[in-house]
Amino acid sequence: MARFASTSNLVPRHLRPSRRRQILLALLFLFSIAYFLHSSTSNPWDHGSEFAWLEHHMNSPSLSPSSAETKIVSNTSFDWSTVPYKYPPPSPPRQLPLPIHSHPSLPPIQHRFVPEPPTARQIRETRRKAVKDVFIKNWNSYRTLAWKKDALLPISGGYKDQFSGWAATLVDSLDTLWIMGLRDEFDEAVEAVTGIDFGSVKEGSGNRVNIFETNIRYLGGLLGAYDLSGREILLTKAKELGDLLFAGFNTAQRMPVDFIDFDMAKKGEEGLEVEGTVVSASPGTLTLEMTRLSQVTGDMKYYDAAARVMDVFEQGQNSTKIPGLWPVYVSMARQDVVSGNQFGVAGCADSLYEYLPKMYALTGGMEPRYEGMSRAFLAAADQTLVFRPMLPGNEDVLMIGTADVTVDGKEELLLNPESEHLGCFVGGIYGLGGRLFGRPEWVESQGVKITKGCVYAYRAMPTGMMPERYNMVPCPSRDDASCRWNEELWEREKKKRPEWKQHLPKGFTTAKDPRYILRPEAIESVFVMWRITGRQEFQEAAWDMFTAVSNGTETEFANAAVLDVTKAEYPLPKEDYMESFWLAETLKYFYLAFSPPDVISLDDFVLNTEAHPFRRPKN
């Protein structure tokens, strides 16, 4: 303003008010243009500006006022907080050790990125746009053909309700819309959330509600979108859903059921009965969501309920047949998490382990038991489940298998070198654990090599996509001398496997499940290891994987699961199904792998097992 004051004497007095208005308007216009150009084109490696621009663009009410910002009335027909419990929760509930708004200093997780060369930035942005274009195509098809349904059928253009009919794909995708800067689509989706009725389930979707899926997709999706946008209706709906899940703890043991009988849960007076045996991931994957809900609402009952489940796991962790690991199948009815013989950290167990270091981060390090439990599991898994496969190129990578403990006369641990796509998340977890707990060797010796092992499984297949389950030949140890390619050994081992097929690449003895069902775990670890190490090789791997996946799974409307990735016979045979995690996780991780490092920084957010970002509490 002062700069223009001296020029006013050069202007005739009768023109001065108009000129001043013109100058003011011009300044405002130029400032807006400069701000937009700086925010959208400046290099966040230099300025750290993209996430700030996203917050302004996505959260400013002046940009695009909509009913989603003003309509706070929920459509849920039943108040789950009024359920009369036969088995009431203990009173008072235990309190979070971490004061809700404090943040003790934890070691940084992310690499300190240096300024990005212009050429590298151009390549990265081109790749990021390619990912966003695929997402937009999928979203538009969902919006047109399956709006407010759980899943789009990507080949026929139909839809399916398999998760209670509460618009699983919509809720699961909320924070992806926000991260990609799709303001209009996000506003529309938030408005649609107000109409979800958590008091009833859609006809045909069953009268039983799966706690695990409801927790990670719906509650996680609402909390992640709330943490990014601050939209109060999202917190309102999250609390409604939290109360529904809390009703699943109305049991004699105060342990959660696996499936909530909707009618019985509403009555409350008769209580619910915990199933005899469940997979360990189901009760073990409640802590992040319930803890975050307590952090943002101040109501400790959610945290208390999940924490009591983890009491059982903590007490049994070192009493199992593989101390540090829990059997895949457990009994919460008997509170028995030690008796089983089958062990693994992939399918049926994965997120139980994933949440241990993430809970340590979410609670700011103020729950030391999660450090102890994390260290124990990471050490035990490395000793008993992780193996180096014998490969034609002698690549130094690692894979995740399973283990059985036999009890014929004496206990003996047997490694089963069968790997799953679901196990690929473990590379990123070793990276996170290495950073959080001061174990840099976990980053390099396990995190990097396990992630590279999954990338190898993608690149080895003729389609560039990794199968769901496969076997390899484990080397006797991980050193180079003990792990040289041996053609005769591979020939002998593959003959032992009835599932071996002639067309499989060398090194693989089976592809027991040759499908690729749009899973995210491999790109999840690739993204995490890129953010932790800053190595360009992980972005290159992400691009190779995205190119193969997007081309191999594409349909007229969206993307579909592939039935066999071991044969490059295009068009590949596909299944008419698209999981909500394709939009919630897989495409989000691909997008973040090509985004500036301040967008969903791992020093600011913890991602749940469905890739929903929860803010780490800070002052």
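Q: Why are helix H18 and helix H21 called roughly parallel to each other?
A: In this predicted model, helix H18 (residues 440-460) and helix H21 (residues 536-553) pack at an angle of about 30°, with their axes 10 Å apart. Angles under 35 degrees count as roughly parallel, over 145 as roughly antiparallel, 65 to 115 as roughly perpendicular and the rest as oblique; H18 and H21 are therefore roughly parallel. Local features need pLDDT of at least 70, side-chain atom pairs count only at pLDDT 80 or more, and totals for chains, interfaces and linings use all residues. Residues are numbered from 1 along each chain as its sequence is written, and side-chain values use heavy atoms, leaving out hydrogens and water.

Q: Which residues make the contact of H18 with H21?
A: With contact taken as heavy atoms within 4.5 Å, H18 contributes Val-448, Thr-451, Lys-452, Val-455, Tyr-458 and Arg-459. From H21 come Glu-537, Phe-538, Glu-540, Ala-541, Asp-544, Met-545 and Val-549.

Q: What makes H7 roughly parallel to H9?
A: Helix H7 (residues 168-179) and helix H9 (residues 211-229) pack at an angle of about 25°, their axes being 8 Å apart. That angle makes H7 roughly parallel to H9.

Q: Why is one side of strand S7 and of strand S11 left without a neighbour in the sheet?
A: Three strands form an open, antiparallel sheet in the order S7-S10-S11. Strands pair if DSSP finds at least two bridges between them. S7 (342-343) and S11 (412-416) stand at the edges with a single partner strand each, so one side of each lacks a neighbour.

Q: How many bridges join strand S10 to S11?
A: Five bridges join S10 (residues 402-406) to S11, and Val-405 stands opposite Leu-413 in S11.

How values were computed:
Helix = DSSP H or I, 4+ residues; strand = E, 2+ residues; numbered from the N terminus. Axes fitted to C-alpha atoms, helices over the stretch in contact; angles between N-to-C directions.
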